[in-house]
Amino acid sequence: MSGQHKINQRAMVGIAAIVGLAAGAAVAQPIGDVDAGREKSQACIACHNANGVSDNPAWPILAGQHADYLVHVLREYRSGERVNAIMNGQAQGLSDEDIRDLAAFYSAQDPALNVVRRERSRR
Ligand code: HEC
């Protein structure tokens with residue numbers, strides 16, 4: 001009985017190691033194509049700027065944001081789960097691949113230090 005138990009434990013350790021490796025590989029894999037994302041971001045420049053750092057506080061900075069987060073939120077805008085008239089419209093035409101490429105592009109951009117100017121913070 002105790003011998004059987006040991007074997008099971010070893011098998012569990014082995015399985016855990018394999019699962020761990022697979023998870024590691026998945027994390028290391030890019031979420032989308034940065035260059036394709038740059039191309040697809042033409043429609044977003046007007047508000048989020050070419051580098052994802054907008055200069056209007058009403059438009060969130062996308063540069064350096066976690067790719068997972070960007071994928072998640074763009075899917076939510078597309079499905080209407082997250083409600084914003086502008087972004088619901090923007091996300092409507094995006095495929096899953098577009099979303100992954102856009103997320104890869106923005107997450108790869110330099111987030112840059114954004115200091116909100118005093119005039120703006122007083123509003
Ligand atoms: C007309 C202006 C405009 C355009 C064009 C636009 N956005 Fe936005 N975006 C916004 C605004 C405003 C918000 C904040 C909405 C909210 O509060 O949910 C936002 C939010 C976002 C967010 C969520 C950020 C966060 O921190 O949660 C993402 C991601 C995003 N936009 C991506 C895009 C992408 C990708 C495109 C191009 C396909 C695009 N946007 C085009 C105005 C714009």
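Reader: What percentage of the 123 residues in the protein is buried?

Author: Buried residues make up 19% of them. Here a residue is buried with 20 or more other C-beta atoms within 10 Å of its own, exposed with 12 or fewer, and partly exposed in between, with C-beta atoms placed from the backbone. Keep in mind that this is a predicted model: local features need pLDDT of at least 70, side-chain atom pairs count only at pLDDT 80 or more, and totals for chains, interfaces and linings use all residues. Numbering runs from 1 along each chain as its sequence is written.

Reader: What makes up the largest nonpolar core?

Author: Twelve residues, among them Leu-62, Leu-74, Ala-91, Phe-105 and Tyr-106. H4 and H6 each supply at least two residues of this core, and H6 gives the most, with six. Such a core is a set of buried Ala, Val, Leu, Ile, Met, Phe, Trp, Tyr and Cys residues joined through C-beta atoms within 7 Å. As for Tyr-106, beyond its neighbours within four places in sequence, its contacts are Gly-52, Leu-62, Ala-63, Gln-65 and Leu-70.

Reader: How do you know whether H4 and H5 are parallel or perpendicular to each other?

Author: Their axes come within 7 Å and cross at roughly 95°. Axes are lines fitted to C-alpha atoms, for helices over the stretch in contact, and angles run from 0 to 180 degrees between N-to-C directions. Under 35 degrees is roughly parallel, over 145 roughly antiparallel, 65 to 115 roughly perpendicular, and the rest oblique. H4 and H5 are therefore roughly perpendicular. Leu-74, Tyr-77 and Arg-78 of H4 make the contact with Met-87, Asn-88, Ala-91 and Gln-92 of H5.

Reader: Why is Arg-78 called buried?

Author: With 20 other C-beta atoms within 10 Å, Arg-78 counts as buried. Arg-78 belongs to helix H4 and touches Ala-91, Gln-92 and Leu-94, not counting residues up to four places away in sequence. Gln-92 is 14 residues from Arg-78 in sequence and 5.0 Å from it in space, C-alpha to C-alpha.

Reader: What makes the phi of Asn-49 worth a look?

Author: Its phi is near 70°, a positive value in a residue other than glycine. Most residues other than glycine have a negative phi. Asn-49 lies in the loop between helix H3 (45–48) and helix H4 (67–79). With 18 other C-beta atoms within 10 Å, Asn-49 is partly exposed.

Reader: Which residues around the ligand come nearest?

Author: Of the 17 around it, Cys-44, Cys-47, Pro-60, Asn-84 and Gln-90; near means a C-beta atom, placed from the backbone, within 6 Å. H3, H4 and helix H5 (85–92) each supply at least two residues of that shell.

Notes:
Helix = DSSP H or I, 4+ residues; strand = E, 2+ residues; numbered from the N terminus. Contact = placed C-beta atoms within 7 Å.
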